[in-house]
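Please look through the chain below before reading the report that follows.

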Amino acid sequence: MEYNVEKQHEKGKFHAIERINHLCDKDSFMEIYSGVRHNCTSFGMDKKDIPYDGVITGFGKINGRKVAVYAQDFTVQGGSLGLMHGKKIAELIDKAIEARCPVIGINDSGGARIQEGVDALCGYGDLFYQNVRASGSVPQISIIAGPCAGGAVYSPGITDFIFAVDKISQLFITGPKVVKSVMFMDISAEDLGGAAIHSKKSGVAHFRCIGEPDCFNKVRKLLDYIPHYYGDELVQAAKFKFDEHKKTKHIEKILPENTRQGYDIRDVINDVTDDDSFFEVSQEFAINCVIGFAKIEGRSVGIIANNPAGMGGVLDCDASDKIARHVRYCDAYNIPIVTFVDVPGFIPGPQEEQKGIIRHGAKVIYAYSESTVPKVTVITRKAYGGAYIAMCSKHIGADYVYAWPASEIAVMGADGAVGILYAKEMKDPSKAEYVAEKKAQYETEIMTPTIAAKRGYISEVIEPSATRAYIAKSLDFLAEKRAMDKPLKKHGNIPL
């Protein structure tokens, strides 16, 4: 079959078939339904022969394991989606569910095929329905390799991971022309819905890539960390290397002496996980938390952590959404969750309250409480108030919670507590020594992890250097964990 490769190359982009071949193992892709054509006769469509109706669909292999792949071809009728185009993709997803393999969609389309009217909308509806059916059954990955506008954005929006490419990806409900006509605002496609916007501000894109080859490499890497279908006993990679001597010495020095000073939680993650195994997701969005996948003794784990280097590690609306969704993904595919906690609380102030921090924060509590996978939590420093509870505490289902000796677990910090309990005394300079004594008393009698350990809320107080060993042994013990009986119900109702 001939493809209009040059037309894509002129735009600095790969052609749809080239993208598939770059993504899949060599000579592994097999196209199906290449003979499908549209059946529209309106507005001159009866005179148009649109090869494979603008989308290449088929099966291949990545890293030796089967995958279903489709790629829209922008050189054929702008990659527009009509009835048969949509049905081809929907059929591919349906078969991927039955065959139990991931679905990877390469999106490069002008949107719904206007000439087909409601039939084009039917094509999208069929696709959305199969996206939802596949969710939690097989992983779905979207690559945005061109424009993706209007209704077209909702298929990627339903999928598990979205990869965006700098200067190539465009995602928006309404494009710049519509924005200008309705809102009288001049804005470029890049500023409205480019890769940087969706990676940093909206959080829609989980990975931002510097080019198409980088994108395909990252997709292949991701597939090495996640099960390929629900129930997949993920074959663990040969054990990654772990420089125990170097990392043990380093982890002991990570926490600053000043508890108000930030540090990058990635340093802790990298010192606990196998060498170079941490694969971060949504790195540029909600930088006050960190999520991703890693290997511990070759076993894939989901990582979730507050990051004091970003906004002190507080939980805001965006961080809450980011954490909750990652918890639910890991739980859906039985990936153990390791949570690192250093959180001063949910962010205060009218801006986040009006944005809905209550409902967003509730998602974190709901997601952790609902999850049944092995869950190990490590409190590295601060764990205050409702945020302590939300970040996978023993109270909402953590299997084991470990705390470093310098950690602080309380309703709030000592300064805040004393400010409320002894507000009157603090106004009297002569009572300064008394207030200082009460602050010290609060720190020693309320905040230390040994207090929580005595109550059974902390499984063990451990030295930082022992963190990896405790996590690894805990996960090994929990490897065969199975969910206990749940209350009789159809499903819960997760907060918005």
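## Terms and basis

In this report a residue is called buried when its relative accessible area is under 20%, exposed when that area is over 50%, and partly exposed in between, with a 1.4 Å probe and protein chains only. Helices (H or I, at least four residues) and strands (E, at least two) are DSSP runs, numbered from the N terminus.

The model is predicted, and local features need pLDDT of at least 70, side-chain atom pairs count only at pLDDT 80 or more, and totals for chains, interfaces and linings use all residues. Residues are numbered from 1 along each chain as its sequence is written, and side-chain values use heavy atoms, with hydrogens and water left out.

## Strand E14 and its partners

Strand E14, covering residues 375-384, is mostly covered, since 10 of its 10 residues are buried. Two strands are said to pair if DSSP finds at least two bridges between them, and E14 has several such partners in the parallel sense. Strand E13 (residues 337-343) is joined to E14 by 6 bridges and runs parallel to it, with Val338 standing opposite Val376 of E14. Strand E15 (residues 400-403) is also parallel to E14, through 4 bridges, and here Ile379 has Ala403 of E15 as its bridge partner. A further parallel pairing, of 3 bridges, links E14 to strand E16 (residues 408-410), where Glu408 is the residue opposite Lys382.

## Strand E5 and its partners

Strand E5 (residues 140-144) is likewise mostly covered, with 5 of its 5 residues buried. Its side chains divide between two directions: Gln140, Ser142 and Ile144 point one way, Ile141 and Ile143 point the other way, and all are buried. Strand E4 (residues 103-107) runs parallel to E5 and is joined to it by 5 bridges, with Ile106 opposite Ile143.

## The chain as a whole

The secondary structure of the chain comes to 20 helices and 17 strands. Its radius of gyration is 25 Å, close to the 23 Å that the globule rule gives for 496 residues, so the chain is as compact as a globular protein of that length. That radius is taken over C-alpha atoms, and the rule is 2.2 Å times the number of residues to the power 0.38. Along its principal axes, the C-alpha trace spans about 90 × 55 × 50 Å.

Of the 496 residues, 51% count as buried. Contact means heavy atoms within 4.5 Å, and among the contacts with a separation of 6 or more, 74% are accounted for by residues 24 or more positions apart.

## Individual residues

Ser407 lies in the loop between E15 and E16 and counts as buried, at 3% relative accessibility. Leaving aside neighbours within four places in sequence, Ser407 is in contact with Ile379, Thr380, Arg381, Met447, Thr448 and Pro449. A polar atom of its side chain lies 2.6 Å from the backbone oxygen of Trp404. The C-alpha atoms of Ser407 and Asp342 are separated by 8.5 Å, although these residues are 65 apart along the chain.

Arg468 is placed in helix H20 (residues 467-477) and is buried, at 13% relative accessibility. Its side chain is joined to that of Asp274 by a polar contact of 2.9 Å; such a contact is a pair of N or O atoms within 3.5 Å where, within protein, one must be able to donate a hydrogen and the other to accept it, and residues adjacent in sequence count only if both atoms are side-chain atoms. Not counting residues up to four places away in sequence, Arg468 touches Phe242, Val272, Thr273, Asp274, Ile296 and Glu297.
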